Structure formats: C-alpha cells, structure tokens
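Hi everyone, thanks for making time. Let me put the structure up.

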Amino acid sequence: MPAIAIVGAQWGDEGKGKATDLLGGRVDYVVKPNGGNNAGHTVVVNGEKFELKLLPAGILSPNAVPVIGNGVVINLEALFQEIDGLEARGHSCANLKISANAHLVAPYHQTMDKVTERFLGKRAIGTTGRGIGPTYMDKVARLGIRVQDVFDESILRQKIEGALRQKNELLVKLYNRRAVTVDEIVEYFLSYADRLKPMVVDSVNLLNDALDEGKVVLMEGGQATYLDVDHGTYPFVTSSNPTAGGASVGAGIGPTRFSRTIGIVKAYTTRVGSGPFPTELFDEMGEQLRTTGGEFGVNTGRPRRTGWYDAVMAHYAARINGFTDYFLTKLDVLTGIEKIPVCVAYDVDGVRHDRMPMTQTEFHHAKPIFEYFDGWTEDISGARTLEDLPENAQKYVQALEEMSGCRISAIGVGPGRDQVVQVHDLIED
Ligand code: GDP
Ligand code: IMO
Ligand code: MG
C-alpha cells in the first residue's frame, strides 16, 4: 500500500497541517520527515484550535501512529513541552515514535542561530531562531548529536567534546559569547533520556514493515518547496529539503513506494522572513489578505508577507516534487475581491519569462505579469463540491489548474477539518 507525501508548494504555511488532519483518520502512520520546531501548523478540529510545531499534525488523529523521522532535528525541551500541552488538553501522545537517527538541537545551536543572524546584518535570513540551521550544519559537518547518542553517555560526551571544540572558538572569538562546558550539555541531554527512551525506534523498519503489511503511511513535510536548501530561493531558505525527495530521505521510504505526492498551495501567496517575492503586495490589498487570511506566524508571531498566486512558481514546484495533486487552500479568503490577479509570467529586465528564471539575480528582478480573473461575493465556506462554488470561483480554480502543472484535487474553503471541496479522493483516486 502507498506512501503519500504532503509537501508545501510555496514558502510555507499553505495549510499542510489541515491537509494532514483531513487525511489523518484514513492513514495508519503520519511521519514528519524534515525540519523541527521552526514549523507551525494550525489545525481546527470541531472548532477547537491546535498549534503544532515539532509534532506532526497527525498526532491529532487517534488512529494514526505519529512518527518523527530521521530527517528531523529535535529540540527535546520543545518536544516535551508540546507533548505536555497536548496531553493537558486530553490528547494522548503515548503512540509517538521517534527515529534513533534524528539529530538533536543543542542549546548552542540556538545561540549560533541568533548570533549568525545578527552577524549577517541587513542580509539576515529572518530565521525562526530555533537553531535549525546550525543543527543541520553540524549534521552535514558530521559533528551532530543524534537521538541514539543520549543512551550512551561516553559516546555522547565524546561527540559533544568534538562539537564544542570548534563551537567555543566561534562563540568566544568571533561572536563574543561565553564558552559552553561539555558537562552542561551532557547534563542537558541526559536529563531527557529516561522520558525519551521508550519512544525511540528504528523508524525505517517500522515504516517499511507497515507498508509491507498494506498500511498507509503519510509524510507530512514541514516548510515548503521554496524554502528547500536546494530548490528554494537560496540563501533565503531553511536548511533541510522540504520537497518530496527530502520526504523520501527523511522518512527512509524509497521513492518507488510513493503512490502520490500532494502539493499544498494557497490561493494566494505568503512568506515569513527575508528573500525575494515577486507578487508581494505592499498596499491595502496586502493588508486585507493578511487580516482576512489570519496571516500571522504561529511560530514567531510575525506578520506574514502577502501577495497574489504565482503560477510560475506553482508549475515549477509541481516538477520538483512530481506532484500528482494540488490541494488548493484558503480560496475563501479571496471572496469579495473584484478582480483577482494571477502571476502567469515574469518580466525580467524587459524580457518575458514564462518559466522560472535560472538565476537568483533574475528572480530578484522578476516583475509579475498578471492575468486578471473575475471574483465572487458569495460566502463559499459551506461549499463541499465544485458545483457548490460560484461560477467565477470555479473558473479561477480551473485556470489555476491549467497553469500549475497538476490537477487540483481538493479546495479549502475555511479552516475547519470539514471545510473542503473534494474533487478527487486524495488517497484512492
Ligand atoms: P502549515 O504550516 O502549512 O500547516 O500552515 P499554517 O497552519 O501555518 O497556516 C495555515 C493557516 O490557514 C492556519 O491558520 C489554518 O487553520 C488556516 N487554513 C487552512 N486551510 C484553510 C482554508 O481553506 N481557509 C481558511 N480560511 N483558512 C485555512
Ligand atoms: P511551516 O511548516 C514559513 C522560514 C523562516 C526563514 C527561513 C529560515 O509552518 O510551513 P529557519 O528557522 O528554518 O532556519 O528559517 O525559513 N521558515 C518558515 N516559513 N513556514 C514555516 O514552516 C517555516 N519554517 C521556516 O521564516 O525565512
Ligand atoms: Mg505554518
């Protein structure tokens, strides 16, 4: 049976949590393959709002086993805070499984995140400050601490000594911060060992056994395609691969086992943090999208930058991820807008580009070329089939489908779990 990946198609916050929650009741496992507590997913279940960061939104689906995959970076303090918060609200996290190979965020990673951002000055990335980049840096530099290391104190100590030898030089000499002692970091990690141990598994065997038995495994990507360290608007990206290929690596599920990859895409665009954004709005309309769409970061509370739908980006994202389906979210937010612009190409220094320009400089210079679609005024939040949507909303969706490189199989018309227009079944069709 299939492995299915949910992937953000823009710059994050497309509604991946809601999409997972929608499918959660029909899948057996929900795996977070990448990122860490830089993510923020809001899920509304029966009018009750949940904000998830490190945990996959699938934790709210009682019959799905939630798994934190090997590709994730885990802040143990944040993990247990989130678990305690959910359990206090009556949601058991007893089923949570954590890969022994996932990397751990150390307090010095958070310090490094903050000081490197400050050091960049005007060129700062606008990170979430959660230590995500520095933890992935250590992973790639082979200086990382993994979940399994916490259960072998002498190995843990050795690895921390190795990491701190370099880190303390940087902290003290370059960034003018205090040195960190090996003992304090060893103690920090060991203080979580007993609570962590029962959750730790070989997630590769767990998930592949499940697939062998005909179970459905859903991968819930954090971040999004244009925050991908390879495919995104580098260097204004996160430090993981939030694309479908990254989901394969980060869950340990081979690409041949994927039956579909579902792109989550908003009916407009938002971005948090720095970096280019061709369709960005700086006027009243941008403010309207922000207010109507509730576009404020779950994680850091920052107002999200807002702009129109960018079909050039959506088309390219469909290629990078091999999307089989798009889940178009937040169509309801566009209700009441008379003419809705959609970016269909870019003007780069006087030259029209129908496809993504090759270089970052060109993308920074890209000016959107818009096509305009007639809007609608009817409340669409109760629509459940395409026919329930006003004609102009149907035309808008159809146009996006034609431009964006794959079919639109579901349409969000409100934050609630049931506020979805289903066009094709996301698991079976
Ligand atoms: P994620 O990080 O991709 O899971 O997305 P976020 O949770 O950060 O941001 C999406 C926001 O939009 C959340 O507040 C959701 O509750 C909300 N949302 C999701 N789908 C819809 C929709 O179709 N309509 C409306 N109005 N809100 C939605
Ligand atoms: P979800 O899963 C939106 C952005 C940050 C910053 C850049 C790098 O909710 O869609 P990092 O802390 O990862 O090193 O920051 O990436 N960013 C997100 N933006 N949604 C997210 O997650 C994000 N995770 C990281 O704002 O620009
Ligand atoms: Mg989010």
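The buried residues of α12 pack against quite a list of partners: β14 (309-310), α10 (311-321), β15 (325-329), β16 (339-348), β18 (366-374) and β19 (408-412). Please keep in mind that this is a predicted model.

So which residues of α12 are buried? They are A393, Y396, V397, A399, L400, M403 and S404. Those residues sit on the same side of α12, because they cover an arc of only 160° around the axis. The general rule behind this is that an α-helix has 3.6 residues a turn, so residues three or four places apart point the same way. On the face turned away from the buried side, α12 carries the exposed residues E391 and E402.

Helix α12 has 14 residues, 391-404, and at 1.5 Å a residue it should span 20 Å; the end C-alpha atoms are 20 Å apart, so the two agree. Just after α12 comes G405, with a positive phi of about 90°.

Now for the annotations. An unreviewed UniProt entry gives "binding site" for D13 and G40. These two are spread over 28 residues of sequence, yet they cluster in space, with a largest C-alpha distance of 7.5 Å. Both D13 and G40 are included in the lining of the largest pocket.

Where do they sit? D13 is in the loop between β1 (3-8) and α1 (16-24), while G40 is in the loop between β2 (29-32) and β3 (41-45). With 21% relative accessibility, D13 counts as partly exposed; G40, at 14%, counts as buried, since the cut-off for buried is under 20%. Leaving aside neighbours within four places in sequence, D13 is in contact with G40, K266, T270, V272 and R304.

Two of them to finish. V298 lies in the loop between α9 (284-292) and β13 (305-307), and is buried, at 16% relative accessible area. Beyond its neighbours within four places in sequence, V298 contacts G40, T42, E51, K53 and R304. G301 is also in the loop between α9 and β13, but G301 counts as partly exposed, at 44%.

Happy to take questions!

Definitions and conventions: Residues numbered from 1 in each chain as written. Chains lettered and ligands numbered in written order. Predicted model: local features only at pLDDT ≥ 70, side-chain atom pairs only at ≥ 80, totals over all residues. Heavy atoms only, no water. Helix = DSSP H or I, 4+ residues; strand = E, 2+ residues; numbered from the N terminus. Expected span 1.5 Å × (residues − 1). Buried < 20%, exposed > 50% of the residue type's maximum accessible area, 1.4 Å probe, protein only. Arc of directions from axis to C-beta. Contact = heavy atoms within 4.5 Å. UniProt positions renumbered as here; feature names shortened; annotations may be inferred. 1 Å grid on protein atoms, 1.4 Å probe; cavity = no way out; pocket = protein on both sides within 12 Å on 5 of 7 lines; lining within 4 Å.
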